[in-house]
Amino acid sequence: MDGIHDLGGRKGFGAIEVAEKEVAFHEPWEARMRGIVRAISAPGDWSIDWFRHCRELIDPVDYLTRPYYDQWLQTYAAMMVNSGVATVEELSTGKMKAAVTGLRPPMAPEEVETAKKTNKRFDRKIDEPPAFSVGDTVRTQSHGAPGHTRLPAYARGRRGTIKALHGAHVLPDSKAHGGNRAEPLYTVGFDAAELWPDAEDMRDRVNLNLWQSYLERG
Amino acid sequence: MTEHDSKTVQKIHEELHSHLPSEPALRVKALESLLIEKNMVDPKTVDAWIDVYTEEIGPKCGGQIVARAWLDPHFKDRLLQDGSAAIAELGFDGAHLTVVENTVDTHNLIVCTLCSCYPTTVLGMPPNWYKMAAYRSRAVRDPRGVLAEFGVDLGDNVAVRVWDSTAELRYLVLPQRPAGTEDWPEDRLARLVTRNAMIGTERDLTGRMKETG
C-alpha cells in the first residue's frame, strides 16, 4: 500500500541521531514489549507479514512520531482486537472481561533456551522453475499494491539486473492477507542513476530482494 | 479466525488511539497484565527473553564471526558463500543470513526502508536510528551523505553497495581487517569489531586499535 512506512528516498527527514548510546533497550517498557512479542501465544493465523501490514496501517503522524516499541504495542493491540482475543476496553484497563479459548499455552521460561536458537525459515519448495537467471535484465512493476507488498515505491518501474536467486520464499503480499503463496525470490541490483535523478556517484548501486511477480523481462 | 482486512485494522487503530493509556509505559503494563490474565504470556518468559537480548545476543556475536573470517580464509569463503551454514559452525543460528564483504574499492551499507529488518540473531537489538525515518529514507538515496554523518570518508575510489532488506534475508557487513593486527589473537580481534562496522556505518577500524587492549 502507498503508506508512510515506504520511506526509501523521501526527502526532508534531516540528520541521523548518530550519538545514540549503544544499549539493547533505552527504557524498561521497551524491553518488556520486546519480550512480550517473543513470549506471546499468538493466534495461528498471525504472521510476520500480517504484523508488518498492521504496523503500516498506523496513523501516519503516529507512525513518524511515536517510539518504535510503542508502535509495536499499538500493532499488537490492533491485531488482538481484530482477531477477537481482546477488546479495546480490556486493552485500556488491563483487566480481562472474557477469557480466550483455543490458543496454545504460553511459552514457558525453560523453552527460551531452544527458541532462541531456532529461527523461522521462509524458503519453500515449489514446482515452478524460476523465470529469470543471474545476469538477466528485468523491470519492476510500475504500479503499487492495494495491500501489503515489499516492492518499495522508489524501485517501481525501474530496470535492474538479477544478481542472485534464492529459491522460492513465502510471498508477503499473499501471506499478509491470509494466503500462502510462495514465489522465486531474487536479489536485483539497481544502478543509483536508474533510481535517483540526483544520484551522487554512477558506480553506486542499491540491491533489493524481490519476488518474481514484481518483475518482468526488461 | 483472523480476517486479514486492511480497512478493519485501520479503524481499530483509530479507536485504540483515543482509548489506550496516555504513556507508553502504562500501555505496555496494561497489555502485559491482560495477557497474563488471559494466559497468553508467562511474565517469567518475558524476563528470560529480555536477559537473552541484554546479555547474550548482541554485536559481540557478530564480532566473533568477523574475527574468525579474518583469521581463517576457508571459513571466510564459506561465510561469503552461505552465511547461515558458516555461522552455524560457530554455534550461531541465523536463517537466511548473507554476509557482504568490504574491500579496498567497495563499501556495503545495510538498511530496511520498509520497516526495520536487521540481523538480530548476530547483532542483537538494532539502534534507534536504524529504525527511524532519517536513516531509512536517506540510506538508499544519499548513502555517501549518511556515511559522512557517521564520520566515514569514502574517498574517490570506493563504490557503495546498499542492501535494502526487503525480504527475510538478513545482511551482515564483513569489515576490512586493519593493518597491524597480524599477530592479534581471535578474542582481541573480535573486540575490535563494532556494531556500526557490521551495519556499514563505520568503515576503518584502525582508530580503535589502541582502545582494544
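**The interface of chains A and B**

Student: How many residues of chain A are in contact with chain B?

Tutor: The model is a predicted one. On the side of chain B, 82 residues take part in the contact. On the side of chain A, the number is 96.

Student: Which element gives the most to the side of chain A that touches chain B?

Tutor: Several elements of chain A each supply at least two residues, among them α2 (48-56), α4 (68-82) and β5 (205-211). The residues on this side divide into 49 nonpolar, 22 polar and 25 charged. With nine residues, the element that gives the most is α1(A).

Student: What is the bridge partner of A:Asn207 in β3(B)?

Tutor: Strand β3 of chain B covers residues 159-164 and pairs with β5(A) in the parallel sense. Four bridges join the two strands. In β3(B), the partner of A:Asn207 is B:Trp163.

Student: How many charged residues has the contact of α4(A) with α1(B)?

Tutor: The residues of α4(A) that meet α1(B) include A:Gln74, A:Ala77 and A:Val81. Among those they meet in α1(B) are B:Val9, B:Ile12 and B:Leu16. By class, the contact has six nonpolar and four polar residues, and the charged residues number no residues: none.

Methods
Residues are numbered from 1 along each chain as its sequence is written. Chains are lettered from A and ligands numbered from 1 in the order in which they are written. This is a predicted model: local features need pLDDT of at least 70, side-chain atom pairs count only at pLDDT 80 or more; totals for chains, interfaces and linings use all residues. Two residues are in contact if their C-beta atoms, placed from the backbone, lie within 7 Å. Ala, Val, Leu, Ile, Met, Phe, Trp, Tyr, Cys and Pro count as nonpolar, Asp, Glu, Lys and Arg as charged, and the others, Gly among them, as polar. Two strands pair if DSSP finds at least two bridges between them.
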